[in-house]
There are 4 protein chains.
Amino acid sequence: MAKQTLNIAMIGSGFIAKAHSNAFRQVSHFFNVPYDLNLKVICGRNQTKLEAGAAQWGWQETAMDWKAVVSRPDIDIVDIAVPNSLHAPIAIAAAQAGKIVFCEKPLATSLAEAETMAQAMRKVPTLVWFNYRRIPAVAFAKRLISEGRIGQTYHYRALYLNQSGSDPSKATTWRYRTSEAGMGAAGDLLSHSIDSALYLNGPITELTAITHNFAPGRDVDDATLLLAHFANGSIGTFEATRYGVGCRNRKTFEINGSKGMLRFDMDEFNQLEFLDVTDPPNLQAPRNLTVTGPDHPYSENFWKPAHIIGYEHTFIATLGDFLSALARKEPLQADLESAVEVQRVLDAVERSAQSRTWVKL
Amino acid sequence: MAKQTLNIAMIGSGFIAKAHSNAFRQVSHFFNVPYDLNLKVICGRNQTKLEAGAAQWGWQETAMDWKAVVSRPDIDIVDIAVPNSLHAPIAIAAAQAGKIVFCEKPLATSLAEAETMAQAMRKVPTLVWFNYRRIPAVAFAKRLISEGRIGQTYHYRALYLNQSGSDPSKATTWRYRTSEAGMGAAGDLLSHSIDSALYLNGPITELTAITHNFAPGRDVDDATLLLAHFANGSIGTFEATRYGVGCRNRKTFEINGSKGMLRFDMDEFNQLEFLDVTDPPNLQAPRNLTVTGPDHPYSENFWKPAHIIGYEHTFIATLGDFLSALARKEPLQADLESAVEVQRVLDAVERSAQSRTWVKL
Amino acid sequence: MAKQTLNIAMIGSGFIAKAHSNAFRQVSHFFNVPYDLNLKVICGRNQTKLEAGAAQWGWQETAMDWKAVVSRPDIDIVDIAVPNSLHAPIAIAAAQAGKIVFCEKPLATSLAEAETMAQAMRKVPTLVWFNYRRIPAVAFAKRLISEGRIGQTYHYRALYLNQSGSDPSKATTWRYRTSEAGMGAAGDLLSHSIDSALYLNGPITELTAITHNFAPGRDVDDATLLLAHFANGSIGTFEATRYGVGCRNRKTFEINGSKGMLRFDMDEFNQLEFLDVTDPPNLQAPRNLTVTGPDHPYSENFWKPAHIIGYEHTFIATLGDFLSALARKEPLQADLESAVEVQRVLDAVERSAQSRTWVKL
Amino acid sequence: MAKQTLNIAMIGSGFIAKAHSNAFRQVSHFFNVPYDLNLKVICGRNQTKLEAGAAQWGWQETAMDWKAVVSRPDIDIVDIAVPNSLHAPIAIAAAQAGKIVFCEKPLATSLAEAETMAQAMRKVPTLVWFNYRRIPAVAFAKRLISEGRIGQTYHYRALYLNQSGSDPSKATTWRYRTSEAGMGAAGDLLSHSIDSALYLNGPITELTAITHNFAPGRDVDDATLLLAHFANGSIGTFEATRYGVGCRNRKTFEINGSKGMLRFDMDEFNQLEFLDVTDPPNLQAPRNLTVTGPDHPYSENFWKPAHIIGYEHTFIATLGDFLSALARKEPLQADLESAVEVQRVLDAVERSAQSRTWVKL
């Protein structure tokens, strides 16, 4: 039986658009996808760059007016990979036109905007690209936690460190302007860490935060730090920075619970450390799991055990899961509501940093 | 200007055929490829499996008779991903039909066979899939050596350990039969280590070896060990085994030279350790390089620094390099002659193991 | 020329007293010590235990009344290794009797007490056992920072995690009672992290903190977390816990600065990671320094390069440095004033945690 | 009841004599020693150096004539820490005088010499300082093997790499002269690896070896490599070198067996990696054990779990075990017979390297 074809419009043509394009091309090679994906149109501002991107990834058409694109009747999915301040208008227009909406993270530049977006977007299937949930090691951490292998959580700590902002002469993109980005390290990096934390450790109930600037004259945060209480009784620390000199893309989390410990460091992308306190004391040690199978998340999809995967596979797996959920008419885990919850925490972070007080959620 | 189209025939439909198919699909997304690749036909023995593979990867046709396929006038490239004993007849037929020939490693089941193949294949462009040369860490090791950063080599040591043969009830494929595989761990694993050694450290002049069986009744080697003298005056140890219980795909090399040390362990695929003895003594230490850029091999092709790549990218990079070389009418590094040299070492290994003597090359 | 003999009275007979006794026995074997140390008397509450300790370490006498001991005219040094609440009375009495006073950390159970102690103790030479300053890796970090190798500091982060309190049935010593310990994880663990931070990164100007209890009914903190601003413009996070299940003695710090990164993890006691951003970008990586020489702190004192040292050597080095300073009539780095500063930060932590506000220092 | 006093004569005053002296001083602090040790006399060739060593470690007397010393009636133990070629005359004389004999490794400069020594020494209690057996991680590996946790061994591989000989201008001691050392890397380094292998994996039945020189004019081996068959059916590789540039004291072993894997690397002295194949496949991973307790070898002797020990403790533990065995009138594990077996393997290595053939043991 012929599969339904979904025509895709990509809004954006930068680095992330490349990662999404790759996922559209690759998903059917690794997942049993119940749809045919058609890379219909890529939309951006620079015609030369657009044509190059279209040629490279096989987009059939290019376009420069997203408003026209999102209402085209031959489009099924609108995928938004543009600066944060454009997420809302595009997503709302696409949702109002009845399209399936994919949106890069962070969802919005503010909580209010996120809530307005969500109201419009709840009518259609949605995906927010919190792709790091689909790192096999992260998904396996979730499984171990769900199985009770960590027990009651005591501590959650998370870093997301890069050095992207530490050379002001090179840090000149929209990501360094509040008007387009909304936030700096908080939106770019902390949002990922918060998403992981909510996924793995549940809601945050209260927090106190610092947002800090090292670069003179920059109006987005270079670094954001916070302490938090979680609903499950655990306490947490978070640090996100673009001045983490020496680190290029170091996202970590560590969990200490009554029955075990988990540690993840994206510098060791395919690995997860797990310590089980039910082991005999003289054999208790961090196990350095290579999460490429057997019996690990996505290990049936990609290669063989110990044949490692990388950055791009997180987008492929996110898309694969979305399409399966869509066929079953179920929402995707890490959906719109999760993205709003992340935004709610970021909002509390901003308010706490400004008021220098604890803020409840 | 329109690019020339190259029509590909894939002979084989197993795990490695999947890795090759992915490379054919992906190469133009990451490399500036001067050809259009057309996945024309996939050829195997099991029609159901073939159709599934064709659907998954977009092969236009399926076929069951490789002899008919390799002589089709509409085929430009024949890619061989079948048991070792079939490499020779297919490669020779394809070369005689004037096709570009791609062949999985090891090239042949014996040195004599390899030499016969080479004679036929020298007339056409060829690629032997020693894909691990294209791990960025390995290619960067080569660059550091070529730049003299390691100085005179003293020691080369290499492991390739997996546990694939250690459960005899599961180890029942063609890889465990001499008639189809030629060799066991030597062909499967050691061939990769030898290729890396010849690439990084130059010719081997003399060796003494053990081939060993742990599984009763198995007629290919489960493990092969050797000591070697290199032409550059260094000495080396090699160990390859399918009984490396606890290791799933652990390929390593270490080099000690007069100016530095290099260490690679495929369990840390994106990393390379480099120690520079020209550093001040109190700052001499292994640097744990993440070889994802900037200014690393293939770092312009794939993602951004610290956005890691995996197993499949070694095939993509091999293919990308081949197609560039083809357009320039140059042979690919890691070409046919390299593959014959690997076979020559494997032959010496077998002779040494049987005669229990040192064998000169 | 005969060396002056210093007669020592040890007050305490527990685990730490053993570490001190070892230092008294060993210091002259590794340091050029300008004094003869005489282990005169060990003082505690349990005669049987005292006699065993005296026999094991060669203390000449045992005693049960510390008041009598600290005023003995034949005693030169009083070393205090007892529960925190006894530090003040013993130290003050010893100082008033004109003795050299050694005191375990944390100095006191409160800032007020610490200041009272300091007033009395300033008249005599003193040593507070912040032994971890003398880990060669930590001392080498200090040297690199002082040489400007890290540049302007942006981030300082520190963990001190153990699991000592996580089994309430076993956690029944004085360390779990406010009346004797003053604080829990804050005094036991955080004090070490704060001392390292003040030593390596300078004064803290402002902080906000959580102190938290997981164990029901326990009146000391199980965990303390804080965010801080440093006088040098950097920002920091600290976490200390006795519920760090999976970690037994994991003290870490990480520093990101404009010119480099430093990372230390006491699980790798002899090692220090250093990344130098003045290296060529493609060779920038954490160097995993083994800080055992050549030209590392204390590498002339202990064994040869790569012959590692352990926990006990931090006490030996502290004592060696003290005795050299004493002979030169100079105060020891990590002296009384440093210990008061640590106490001042701990006090701010407590006030912040109680008031749930930022506290200036 | 008073303990028996054992008077010790140390023959030698170099680096190793320092490590032994430390053990004599420290053993009673960590082991329940049934004797009082008295550091009676230290004997060497350089009076100034001797007096310095005596002062530092508390030797009561110095002497320059070992022949006189070893026959002194007031001496109970003769400890030999001098160049290899002097082991035999001193040990034989001491044994003939009825002394307890301690001797540094390797026992002798040749197998014949070792056998002559052994004949004389069998009449008295003896200790050969194969101290690395007492690394807790090594002793724990032995325990796991003995308990069957590794199952049938398939592979044993061992490295001992340092760079001590790679700068010929600095490598001028007796260790670089056959007349005094007997062997180079083989005696210095490989002997330790062989001792570990015999201890952990049992007898070697057959081997083939290379001995190699990099330094012009040097008459001891700079590097020795070998392949071996063990009596238990496993196969092994060994590499020992003084040209392992980048490595300062890197002694490793790895064992793959039917039930698990063990890995030890002396760069991580306190750690042992253990993988258990009876774990569920998705939790099978190297566990990075920190072998400092609870319930690890010597963890009751030294500090608390996670309070690490170092190089010197291997000597202390060897001595502690010897004295306990002496009191029980039992031989020490790693006794004279073990040392002769090591020498027998070294002899086979030399013969194989010279004859370029396999040699049976």
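This is a predicted model: local features need pLDDT of at least 70, side-chain atom pairs count only at pLDDT 80 or more; totals for chains, interfaces and linings use all residues.
Visitor: Through which surface do the copies meet?
Guide: They meet through the same surface, because 100% of the interface residues of chain C are also interface residues in chain A.

Visitor: Turning to the sheet in chain C, in what order do the strands lie?
Guide: The order is 3-2-1-4-5-6: six strands of chain C form an open sheet, and their pairing is parallel. Strand 3 (61-63) and strand 6 (126-128) of chain C are the edge strands, each pairing on one side only. From one strand to the next, the twist averages 25 degrees.

Visitor: How many bridges link strand 1 and strand 4 of chain C?
Guide: Four bridges link strand 1 (residues 4-11) and strand 4 (residues 77-80) of chain C, in the parallel sense. One of the residues involved is C:Ile8, whose bridge partner in strand 4 of chain C is C:Ile77.

Visitor: Now the helices. At what angle do helix 1 and helix 9 of chain A pack?
Guide: Helix 1 (residues 15-30) and helix 9 (residues 311-327) of chain A pack at an angle of about 60 degrees, and their axes are 8 Å apart. That angle makes helix 1 of chain A oblique to helix 9 of chain A. Their crossing is right-handed.

Visitor: Which residues meet there?
Guide: From helix 1 of chain A, the residues in contact include A:Phe15, A:Ile16, A:Ala19, A:Phe24 and A:Phe30. From helix 9 of chain A, they include A:Tyr311, A:Phe315, A:Ile316, A:Leu319 and A:Leu323. The residues of this contact of helix 1 with helix 9 of chain A divide into twelve nonpolar, four polar and one charged.

Visitor: And in chain D, how far apart are the axes of helix 8 and helix 10?
Guide: The axes of helix 8 (residues 185-201) and helix 10 (residues 336-355) of chain D are 9 Å apart, and the helices pack at an angle of about 120 degrees. Helix 8 and helix 10 of chain D are therefore oblique to each other. The crossing of this pair in chain D is right-handed.

Visitor: What classes of residue make up that contact of helix 8 with helix 10 of chain D?
Guide: It has eight nonpolar, three polar and two charged residues. Among them are D:Leu190, D:Ile194 and D:Leu198 in helix 8 of chain D, and D:Val342, D:Val345 and D:Leu346 in helix 10 of chain D.

Visitor: A change of topic: which residues does a cis peptide bond join in chain A?
Guide: A cis peptide bond joins A:Lys105 and A:Pro106, with omega about -10 degrees. A:Pro106 lies in the loop between strand 5 (100-103) and helix 5 (111-121) of chain A. In chain D, a cis peptide bond joins D:Gly293 and D:Pro294, with omega about 0 degrees. D:Pro294 is in the loop between strand 14 (287-290) and helix 9 (311-327) of chain D.

Visitor: Is phi of A:Arg356 positive or negative?
Guide: Phi of A:Arg356 is positive, near 55 degrees, in a residue other than glycine. Most residues other than glycine have a negative phi. A:Arg356 is found in the loop between helix 10 (336-355) and strand 15 (359-360) of chain A.

Conventions:
Residues are numbered from 1 along each chain as its sequence is written. Chains are lettered from A and ligands numbered from 1 in the order in which they are written. Side-chain values use heavy atoms; hydrogens and water are left out. Two strands pair if DSSP finds at least two bridges between them. Helices (H or I, at least four residues) and strands (E, at least two) are DSSP runs, numbered from the N terminus. Axes are lines fitted to C-alpha atoms, for helices over the stretch in contact, and angles run from 0 to 180 degrees between N-to-C directions. Angles under 35 degrees count as roughly parallel, over 145 as roughly antiparallel, 65 to 115 as roughly perpendicular and the rest as oblique. A crossing is left-handed if the near helix is turned anticlockwise from the far one by less than a right angle, and right-handed if clockwise. Contact means heavy atoms within 4.5 Å. Ala, Val, Leu, Ile, Met, Phe, Trp, Tyr, Cys and Pro count as nonpolar, Asp, Glu, Lys and Arg as charged, and the others, Gly among them, as polar.
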